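Reader: I want to learn how to read salt bridges in a model. Can we work through one together?

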Amino acid sequence: QVQLVESGGGLVQAGGSLRLSCAASGIIFSANTMGWYRQAPGKQRELVATITSGGSTNHANSVKGRFTISRDNAKNTVYLQMNSLKPEDTAVYYCNARRTYVIGWSEYWGQGTQVTVSS
């Protein structure tokens, strides 16, 4: 059974920092591209950042220079360090695991963790 369990969300003032964690089980973690997505009320889910199995990262323009994604394959965990938080960063943050095979692909989501940034 695949589980992605996020933690680290909460309420923070603008300019503050949070670190999200996502612990994975039931998958070959090191073979997956891991990602963080977010969804604000009334908006579509959007990409925040991804990190490939080889460690290459991609960050959305809206978070570049403020957020950093990283992974620890020994701990089956992906992190999102969020600095200089803004009220517009308020959303539910979801962890994602994706793996491409020769035929097909697999994708899993966590349950989400709320991040609220007050002005």
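Author: Start with R98, which is partly exposed, with a relative accessible area of 37%. Partly exposed lies between buried (under 20% relative accessible area) and exposed (over 50%), using a 1.4 Å probe and protein chains only. This is a predicted model: local features need pLDDT of at least 70, side-chain atom pairs count only at pLDDT 80 or more, and totals for chains, interfaces and linings use all residues. Residues are numbered from 1 along each chain as its sequence is written, and side-chain values use heavy atoms, leaving out hydrogens and water.

Reader: Which side chain meets R98 in a salt bridge?

Author: Side chains of opposite charge can pair when their charged atoms come close. The rule asks for a side-chain nitrogen of Lys or Arg within 4 Å of a carboxyl oxygen of Asp or Glu. Here E107 is the partner of R98, at 2.4 Å, N to O. E107 counts as partly exposed, at 24% relative accessibility.

Reader: How many salt bridges does the rule give?

Author: Four. One of them joins R38 and D89, at 3.0 Å. R38 sits in strand 4 (residues 33-39), and D89 in the loop between strand 8 (77-82) and strand 9 (91-100), 51 residues apart. Strands are DSSP runs (E, at least two residues), numbered from the N terminus.

Reader: Is D89 buried or exposed?

Author: Buried, with a relative accessible area of 1%. R38 is buried too, at 6%. D89 also meets R66 in a salt bridge, at 2.7 Å.

Reader: Which residues are linked in a network of salt bridges?

Author: R38, E46, R66 and D89.

Methods. Helix = DSSP H or I, 4+ residues; strand = E, 2+ residues; numbered from the N terminus.
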